[in-house]
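Morning, everyone. Please bring the model up on your screens. I'll take you through it in a couple of minutes.

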Amino acid sequence: MTLRHFITTQDCSRAEIDALLAQAAGFKRSPGGRQLAGKSIALLFFNPSMRTRTSFELGAYQLGGHAIVLSPGKDAWPIEFEVGTVMDGDSEEHVAEVAQVLSRYVDLIAVRAFPKFQDWAVDREDQVIKAFARYATVPVINMETITHPCQELAHVLALQEHLGNDLRHRKYVLTWTWHPKPLNTAVANSALLIATRMGMDVTLLCPTPDYVLDERYMAFGRRNAEENGGSLTVSHDVEASYRGADVVYAKSWGALPFFGRWDQEKPIREAHRHFTVDAQKMALTNHGLFSHCLPLRRNVQATDAVMDSPACIAIDEAENRLHVQKAVMASLLATH
Ligand code: CP
């Protein structure tokens, strides 16, 4: 991989994505390695995690490396990201120093930083990871900000394991699901990017036009579809979307126009509780696979019957996080 950082798969060529997937499949067959021997990675979590933290720490260890986990504002100093600001608030140091100092200690820096959910115009600039990429002198990896590229690779690897490597023209439904809280659009953005990249016929199923994803990702999706022989359509029709689907990928997210005024979004969200993935909807599919990035609220986002069915590959996808992240870390270190 010739990339300096791994922040979005849109920065990768299709050949680079395929190479990462092949390397990940290799790590799945044979987990050990020395690709990170004597190397270390700092994992910075501004938000909670179960899978990402475990799989990155374990992946570094399995390749002979060492991971250091930091939670800025909790077990490390709160960090400032504004340039030129007078730092008389809560932040004790600037990302300029944090990224440069960490770069003297470790060989890779990985960052999880969710949106603040107050103003999408601000959140869509992805300020935190961009600042680390700007000041760090080692490669930076995205562990979920406004996209989740490691999840993308794990998802596609699981699909390829079940459907074969060529996913072109498979009917892929990315469905919004109900959830009591407005969640990050990162996984939905990412699903759209990677499914179109693989040339699938993608339907974005969501309650109303307010839930359509950011135009940046819709445009990437359209371009990916055009370049890879697939398609991208938006639908609000649940039955038509599920009918004949080969893959149903579920995620809940907050409607972008309602950032910062979530009380006004709540009635729309509540009116679409029926978007839960259930056996009745899955029966409309072409013996379709179901997946979710996890964590998932059972009988809210998908029913027990769906989660416990042979169609559900969410656990395979979660396992694949370990393998794809080893490929990402090894590839970045091999070229830097
Ligand atoms: N899917 C995922 O990133 O899981 P965690 O939030 O537990 O890391």
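**Where two domains meet**

Between domain 1 and domain 2, the count is two salt bridges. Here is a salt bridge to find on screen: the side chains of E161 and K28 meet, N to O, at 2.8 Å. Keep in mind that this is a predicted model. Polar contacts next. Between domain 1 and domain 2 there are 17 residue pairs in polar contact, both residues at pLDDT 80 or more.

Which elements give two or more residues to the side of domain 1 that touches domain 2? They are α1 (14–29), α4 (120–123) and α13 (314–334). The largest share comes from α1, with eight residues.

Now step back to the domains. The assignment gives domain 1 as 9–147 + 321–334, and domain 2 as 151–317. Their C-alpha centres lie 25 Å apart. Domain 1 puts 29 residues into the contact, and domain 2 puts in 35 residues.

How much area is buried between domain 1 and domain 2? About 2,700 Å², and carbon and sulfur atoms give 55% of that. Look for Q10, F117 and W120. They supply 27% of the area that domain 1 buries against domain 2, more than any other three residues.

Last stop, a sheet. Strands of a sheet pair through backbone hydrogen bonds, either parallel or antiparallel. Here five strands form an open sheet, ordered β9-β8-β7-β10-β11, and the pairing is parallel. At the edges sit β9 (231–235) and β11 (289–291), each pairing on one side only. From one strand to the next, the twist averages 20 degrees. Zoom in on β10, residues 247–251: three bridges join β10 to β11. There, V247 has L289 of β11 as its bridge partner.

Key: Residues numbered from 1 in each chain as written. Predicted model: local features only at pLDDT ≥ 70, side-chain atom pairs only at ≥ 80, totals over all residues. Heavy atoms only, no water. Pairing = 2+ DSSP bridges. Helix = DSSP H or I, 4+ residues; strand = E, 2+ residues; numbered from the N terminus. Axes fitted to C-alpha atoms, helices over the stretch in contact; angles between N-to-C directions. Domains from an automatic or database assignment. Contact = heavy atoms within 4.5 Å. Buried area = accessible area lost by both parts, 1.4 Å probe. Salt bridge = Lys/Arg side-chain N within 4 Å of Asp/Glu carboxyl O. Polar contact = N/O pair within 3.5 Å; in protein donor to acceptor, adjacent residues only side chain to side chain.
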